[in-house]
Amino acid sequence: MDIKELKRLAVKGDVNAQYELGEYFNGEDNYDEAVHWYLLAAKQGHIKAQYALGDCYALGFGVEEDWEQAYHWFYSAAKQGYAEAQFDVAECLATGAGVEENKTDAVGWYLKSAQGGCVFAQVAVGILYEDGEIVPQNFSEAAKWYQLAAEQGDLEGQYNLGCLYLNGHGVEQNYEKAFELFTLAASDHKYGSIYALNNIGDCYENGYGVTQNAKKAFEYYL
């Protein structure tokens, strides 16, 4: 559909067209126009428009940065079951961004989001269970959520799960599996974890899951 037809439908109140027009202008870096159309769609209850509008307020794109408004729109989408918005609601509650800090409520939203498949929430829930500061420590639960994130290709999930296998926390100790996960976590040359690289070095130095090789270890420490 060309932009003229999209705008014609959006002006007539077509909520999907309004959202798609917001996406179009967002892609063109015309954030003022993007916010205009996102807002029209969001007011009609369009979940992705509500979430996108929350992002605009959080980042100050097309509007003044306003975390109360960001939280309002994230929450609007979260109530409708949008997992990514549920994660952002949790983050706001955990840090007091745009809403009164409430770490207990944040846990509930992290869980909803993680159950909905949001990889960032899955890692966050894993960390909550591993740290045991807000919820009772449970390494098995941590491993479960890291595993789900790792299966989606998340580098942090892969690294954290590797650490559990390395130390035998919540899973049977398995150096080979740990090495495999550290390798996956380090495989993205742009975003790969420097901690994963260091742990690969440790594995080579100590022969954990791989043939001991001091030269290789030194290369990864660099």
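**Charged residues in the predicted model**

Lysine 144 and glutamate 141 are three residues apart in helix α9, a separation of about one helical turn. In this predicted model, the two side chains form a salt bridge, with the closest N and O atoms 3.3 Å apart. Both partners are partly exposed: lysine 144 has a relative accessibility of 40%, and glutamate 141 has a relative accessible area of 24%.

The structure holds four salt bridges in total. Among them is the pair formed by glutamate 5 and arginine 8, whose closest N and O atoms lie 2.7 Å apart. These residues belong to helix α1 (residues 3-11) and are three residues apart, about one turn of the helix. Glutamate 5 is partly exposed at 28% relative accessibility, and arginine 8 is likewise partly exposed, at 40%. Another salt bridge joins lysine 177 to glutamate 180, with 3.7 Å between the closest N and O atoms.

Aspartate 154 is situated in the loop between α9 (139-151) and α10 (155-167). This residue is buried but has no salt bridge, the nearest side chain of opposite charge being that of lysine 177, 15 Å away. The side chain of aspartate 154 does reach the backbone nitrogen of glutamate 156, at 3.1 Å. Beyond its neighbours within four places in sequence, aspartate 154 is in contact with Val119, Val123 and Ala149.

Definitions and conventions: Residues numbered from 1 in each chain as written. Predicted model: local features only at pLDDT ≥ 70, side-chain atom pairs only at ≥ 80, totals over all residues. Heavy atoms only, no water. Helix = DSSP H or I, 4+ residues; strand = E, 2+ residues; numbered from the N terminus. Buried < 20%, exposed > 50% of the residue type's maximum accessible area, 1.4 Å probe, protein only. Lys, Arg positive; Asp, Glu negative; His and termini not counted. Polar contact = N/O pair within 3.5 Å; in protein donor to acceptor, adjacent residues only side chain to side chain. Contact = heavy atoms within 4.5 Å.
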